[in-house]
Amino acid sequence: MLTDHRHEEILSQLAQTGRVGVTSIAATLAVSDETIRRDLKMLEERGLLRRIHGGAVLPRLDQERPLTERSGLNSREKGRVAALVEGLVEDGMSIFIDTGTTTLALARRLTTRKLTVTTNSIDLALLLADSPARVNLTPGRLRPNDNALVGYDTVDYARRHFFDLAIMGIAACDLAQGWMDYEEHESVLRRALRGQTRRAVLLADSRKFGRQANLQTFDLAAPLTVVTDRPPPEPFADRFRQHDIDLICG
């Protein structure tokens, strides 16, 4: 059996039950325990599961790291996502870009574009400050770990404007809980933005699939454009097909 197919089967069972056992999945796939152990190691290195004695469970992060720590994580995947999203951006557009390492990677690709960019990220605004873009920074309370502006004033500002594109990051994607975030501020803002744009674009590198965070932001059936660096695991891809989700992947 091909490696990719085994990985899909492992992730499918993991998404359904939250746990896989080496011996049971090896018997199901008619391969050796050692082959499955190697598969689990590869999937753990991609951030898609966490190995435990005798098998693996879903990865779960208690909280996101500061932006300075996260910027160097999965940078290749985030760069691919940013390159794909750049193709959706046309000169003259009014776009909202929220805070996050993947959206910051996108902003680095927009420094020569004539746009109106609204953001709640101080780092992103400074990055575009010398570009041809007109940059608007939302009001809000400063969150020190990522220089984001958050809170009621931020959400209220977003609800008073309308955008051609709302480009948003996300913390995790779980088959049962949907698109998830760690903080209420981000979750509420992203839900508000979805109603204030012609096209809501969610950036999710491939390691976000099969993870859990603290809050549900969107159901998997929510009408979004999802951009990821590689095809998502088959259980997620199947759910997206069922709901006719606009999926763009590398």
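Arg143 is placed in strand β7, which spans residues 141-143; helices (H or I, at least four residues) and strands (E, at least two) are taken here as DSSP runs, numbered from the N terminus. The model is a predicted one, in which local features need pLDDT of at least 70 and side-chain atom pairs count only at pLDDT 80 or more, whereas totals for chains, interfaces and linings use all residues. Residues are numbered from 1 along each chain as its sequence is written, and side-chain values use heavy atoms, with hydrogens and water left out.

With a relative accessible area of 8%, Arg143 is buried, a class that covers values under 20%, while exposed stands for over 50% and partly exposed for the range in between (1.4 Å probe, protein chains only). When neighbours within four places in sequence are left aside, Arg143 is in contact with Thr99, Ala148, Val150, Glu183 and Glu186, contact being defined by heavy atoms within 4.5 Å. The side chain of Arg143 also makes a polar contact of 2.6 Å with the side chain of Asp146; such a contact is a pair of N or O atoms within 3.5 Å, of which, within protein, one must be able to donate a hydrogen and the other to accept it, and residues adjacent in sequence count only if both atoms are side-chain atoms. Arg143, Asp146, Glu183 and Glu186 are linked in a network of salt bridges, each salt bridge being a side-chain nitrogen of Lys or Arg within 4 Å of a carboxyl oxygen of Asp or Glu.

Side chains of opposite charge can pair when their charged atoms come close. By the salt-bridge rule, the count comes to 17. Asp98 counts as buried at 2% relative accessibility, as do Arg190 at 3% and Asp181 at 0%. A further salt bridge joins Glu44 and Arg51, with the closest N and O atoms 2.7 Å apart; here Glu44 is partly exposed, at 27%, and Arg51 is likewise partly exposed, at 38%.

Rolling a probe the size of a water molecule over the atoms shows where empty space is left. The structure holds 3 cavities of 30 Å³ or more, a cavity being a set of points, on a 1 Å grid over the protein atoms alone, where a 1.4 Å probe fits but cannot get out, with lining residues having an atom within 4 Å of a point. Grid points are joined across faces, edges and corners, and a volume is the space filled by probe spheres set on the points. The largest cavity holds about 40 Å³ of space, and the largest share of its lining, 3 residues, comes from helix α1 (residues 3-17). The residues of this lining, among them Leu11, Phe209 and Phe236, divide into 8 nonpolar, 1 polar and no charged; Ala, Val, Leu, Ile, Met, Phe, Trp, Tyr, Cys and Pro count as nonpolar, Asp, Glu, Lys and Arg as charged, and the others, Gly among them, as polar.

The second largest cavity also holds about 40 Å³, and its lining includes Val150 and Glu186.

Conventions: 1 Å grid on protein atoms, 1.4 Å probe; cavity = no way out; pocket = protein on both sides within 12 Å on 5 of 7 lines; lining within 4 Å.
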